[in-house]
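Okay, everyone, have a look at the screen while I get this up.

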Amino acid sequence: GFKEIIKDILEVEAPLSEKLLLQRIVWYFHHEKVTSAVQKSFDANMRGCEKLGIIRRHGFLYLEDKPIVFRVPGDSTRSFNQIAPEEIGEGMLRVISKNIQVTEDGLYKFIADLYGKKRMGKYDAEALHAALLMLLKSGKIVEHDNQITLGNTQ
């Protein structure tokens with residue numbers, strides 16, 4: 001069924017932006033563009049997806065038992081707000097663990113470089129900031145005098 005198809009995609013691509021997924025499978029709903037009707041059909045089709053281990057959270061789709069890794073894309077077409085904060089967070093942890101300490105701006109620059117991004121828009125910056133806050137909250141990193149280091153929970 002439909003959810004199995006989505007699960008197959010997620011096996012490879014989770015975490016995945018729901019918006020991006022919908023743009024790719026919009027043909028399934030006999031539309032050319034993602035409309036509110038498409039979103040409604042998708043929601044209806046996804047009812048009970050938890051039974052398959054699919055988690056829908058803040059506009060992203062996750063698979064319960066798929067560990068989140070930072071993937072440097074083959075194409076840098078995804079903007080940062082299309083990448084799950086947990087995945088950006090993994091990238092940040094990788095950068096911080098290599099650099100011992102780094103400033104917030106420095107960290108964002110490293111991440112942008114990893115993705116081959118020359119410019120960062122407002123939404124990109126917001127997405128990076130959200131990922132950073134998530135890491136700070138979790139205690140995986142600490143910020144002191146504008147220097148970010150790994151927390152003691154590593």
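So, E4, D8, E11, E64 and D65 together form a negative surface patch. For a patch, residues need over 30% relative accessible area and no salt bridge, with like charges joined within 9 Å and nonpolar side chains (Val, Leu, Ile, Met, Phe, Trp, Tyr) within 5 Å. A salt bridge, by the way, is a side-chain nitrogen of Lys or Arg within 4 Å of a carboxyl oxygen of Asp or Glu. One member, D8, sits in helix α1, residues 2–13, and D8 counts as exposed because its relative accessibility is 53%. Exposed is over 50% relative accessible area, buried is under 20%, and partly exposed is in between (1.4 Å probe, protein chains only).

Before I go on: this is a predicted model, so local features need pLDDT of at least 70 and side-chain atom pairs count only at 80 or more, while totals for chains, interfaces and linings use all residues. Residues are numbered from 1 along each chain as its sequence is written, and side-chain values use heavy atoms, leaving out hydrogens and water.

There's a nonpolar patch too: I5, W27 and Y28 make about 340 Å² of it. Areas here come from the Shrake-Rupley method with a 1.4 Å probe, and for residues only the protein chains shown count as cover. Y28 is in the loop between α2 (18–25) and α3 (36–45). Buried or exposed, or partly exposed: which is Y28? It's partly exposed, because its relative accessibility is 32%.

Now inside. L61 belongs to strand β3, residues 60–63, and it counts as buried because its relative accessible area is 0%. What does L61 touch, beyond its neighbours within four places in sequence? Its contacts (heavy atoms within 4.5 Å) include L10, A14, L21, F42, M46 and I54. E18 is on that list as well; the C-alpha atoms of L61 and E18 are 6.2 Å apart, although 43 residues separate them along the chain.

Zooming out, the chain has six helices and five strands, in the order α-β-α-α-β-β-α-α-α-β-β. Those are DSSP runs numbered from the N terminus: helices are H or I, at least four residues, and strands are E, at least two. Of the 154 residues, 40% are buried. And among contacts between residues at least 6 apart in sequence, 55% join residues at least 24 apart.

Conventions:
Lys and Arg count as positive and Asp and Glu as negative; His and the chain ends are not counted. The place of a charge is taken as NZ of Lys, CZ of Arg, CG of Asp or CD of Glu.
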